[in-house]
Amino acid sequence: MNNVKYISMVNITKTFGKVIANKNINLSVNKGEIHALLGENGAGKSTLMNMLSGIYIPDSGSIFIEGEEVKFSSPKDSIQAGIGMIHQHFKLVEVLTAQENIILGQKTGFFLNKKAIREKIEEVQRKFQLEVDLDKKVYEMSVGEKQNLEILKVLFRGAKILILDEPTAVLTPQETAKLFIIMRKMKEEGCAVIFISHKMNEVMEISDKITVLRKGETVKTVDKEKTNPQELTELMVGYPVDLSIKRLEKQGRKAVLRVRNLRVENEEGIEVLKGLNFDLRAGEILSIAGIAGSGQKELCEAIAGLYPVKSGEILFKGENLVGKNPKEIIAKGVSMSFIPEDRLGMGLVAAMDIVDNILLKQYQKQKGFLVNRKPATSKAKEIIKKLDIQTPGIYHPIRDLSGGNIQKVLLGRELDTNPELLITAYPVRGLDINTCHKIYDLLNEEKAKGVAILYIAEDLDSLIGLSDRIMVLSNGEITGIVEARKATKEQIGLMMLGEKINETEGAYVV
């Protein structure tokens, strides 16, 4: 690693109305350096990177590339300066091939020399060890393949500075390891890589330097070798935090939920759940691991009465829920709280405030047409205080809150229903480490009450640390169920890729 400054952001300030997103932030990244950017949700990381990538324009401050001041008025200016940003949500055209996505938007003239372009793309692939099938359609690709394609696309366009925003959020351990090989290759080639992540173990593994932001300001830049996760977390939140994930002992043996030979087809008639069998007990956290699109979403929605079932049984306390809609399930006295993957699409109404979103849940259980708003108002105040939700007030529209605060509103509302079965999909996705641990504590509180919890998440460390058992899905099938205490990330990663583990290896195939 050399000490030639590639990027310098000096005294950067950005406000949105009365909200100060960035205040006099300073960030320097050298050539041949992987620089991690840490901070709680709302600390200003994304805003800062959006200014470096030309999406926002700073109110004040300066940006320097190789010592020369630059002013970006659009992402196009940033790309021309050699900056490429890989966003959490990929910007690819699903029906096109990898090569067509790479060429898209390029100034290549009316006639394309496809052979010359292909050779140039393959040269970049070899240089950075990027495995991408150029003739494969995007919709046929795994998440890891799509991410490699996004990286290849910006490198082909000449990027020497790469910004990766939560790049490992939906990757298996094996895919993450491959991504780190690419990042290290970029470092060898003299590129600068800015790595935004909430996964502290990955930050400690891959980064050279780490800059911590707190409440829109730079707190400190440290060498990775001279710090540790505990210090970094304290810098992020401003006070000491216990980073251990506590696993409570199982609270009961009685099966609350039994799923038998569950088969589900999507709208195209393709079977997305292929004969699932499992039990979930009272006072147990059963986690589900799997690559995105392995059937997690369909399973949750089928149990909650939101997705049609082709065949099989979903038995809640002995009663089959198949064929019943959510309202009928509630009318049966079934207490089920469902925290969906798509919070604003399915969980909350974006235009409504916190009080009205709580009322939506309470109204389902009320009789008659008159609605008493007082309980919802007091409950909104209680949730804000308990979960430390950052909002101007209880009547502030949900859509104007940060992603982390939206998740806390939804979780607080669902837990308030005193469920017997809690289905929670990705409750800590994209949340800072402090908020993650608050949610782990909330789930443990419910477990201690005897609630049966079906927990879906991407972070294998939290799955292993929090759960009693881990069920792995691959392509709509259960490849195994392991005791969390005995599980390893490598074993789970192989199961996520479709390898079935037998009993002698610490799991059983259902």
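Which residues does L299 touch, not counting residues up to four places away in sequence? I started my notebook there. I kept in mind that this is a predicted model.

**Entry 1: L299**

I found L299 in helix α9, which spans residues 296–303. Then I listed what L299 touches beyond its sequence neighbours up to four places away: L262, L273, L276, F278, I288 and M471. L273 and L299 are 26 residues apart in sequence, yet their C-alpha atoms are 7.4 Å apart in space. The cut-off for buried is under 20% relative accessible area.

**Entry 2: the whole chain**

I noted 17 helices and 21 strands. The chain has 510 residues, and 52% of them are buried.

**Entry 3: the nonpolar cores**

How many residues does the largest nonpolar core have? I read off 49. The residues with the most contacts inside this core are I151, M183, F195, I210 and L232. Helix α5, residues 143–156, gives the most to the core, with seven residues. I followed up I151. Leaving aside neighbours within four places in sequence, I151 is in contact with I86, L130, L162, L164, L179 and I182. There is also a second, separate core, of 47 residues. I noted I354, A376, L415 and V428 among its members.

**Entry 4: a six-stranded sheet**

I traced an open sheet of six strands. Its order is β6-β7-β8-β3-β9-β10, and the pairing is mixed. Which strands are at the edges? They are β6 and β10 (217–223), and each pairs on one side only. From one strand to the next, the twist averages 20 degrees.

Strand β6 covers residues 83–86. It pairs with strand β7, residues 161–165, in the parallel sense over four bridges. Are the faces of β6 covered or open? Both are covered. I83 and M85 are buried on one side, and G84 and I86 are buried on the other.

**Entry 5: helix α1**

How many of the eight residues of α1 are buried? I counted seven, so α1 is largely enclosed by the rest of the structure. The buried ones are K45, T47, L48, M49, N50, M51 and L52. I noticed that K45 is on this list of buried residues. After α1 comes G54, and its phi is positive, near 85 degrees.

**Entry 6: aromatic rings**

I searched for aromatic pairs and found two. F16 and Y56 make one of them. Their ring centres are 5.2 Å apart and their planes are at 65 degrees, so this pair is edge-to-face. Planes over 60 degrees apart count that way. Why does this pair tie together separate parts? F16 lies in strand β1 (residues 5–16) and Y56 in the loop between α1 (45–52) and β4 (60–65), so the joined parts are 40 residues apart in sequence. F16 is partly exposed, at 36% relative accessible area. Y56 is partly exposed too, at 29%.

F180 belongs to helix α6 (residues 173–188) and F195 to strand β8 (residues 192–196), so the pair ties together parts 15 residues apart in sequence. Both F180 and F195 are buried. I had already met F195 among the residues with the most contacts in the largest core.

**Entry 7: charges over rings**

The charged end of K31 sits over the ring of Y6, 5.1 Å from its centre. The charged end of K120 sits over the ring of F156, 4.7 Å from the ring centre.

How values were computed
Residues numbered from 1 in each chain as written. Predicted model: local features only at pLDDT ≥ 70, side-chain atom pairs only at ≥ 80, totals over all residues. Heavy atoms only, no water. Buried < 20%, exposed > 50% of the residue type's maximum accessible area, 1.4 Å probe, protein only. Helix = DSSP H or I, 4+ residues; strand = E, 2+ residues; numbered from the N terminus. Pairing = 2+ DSSP bridges. Phe/Tyr/Trp six-rings, centres within 6.5 Å; stacked < 30°, edge-to-face > 60°. Lys NZ or Arg CZ within 6 Å of the ring centre and 35° of its normal. Core = buried A, V, L, I, M, F, W, Y, C linked by side-chain atoms within 4.5 Å. Contact = heavy atoms within 4.5 Å. Axes fitted to C-alpha atoms, helices over the stretch in contact; angles between N-to-C directions.
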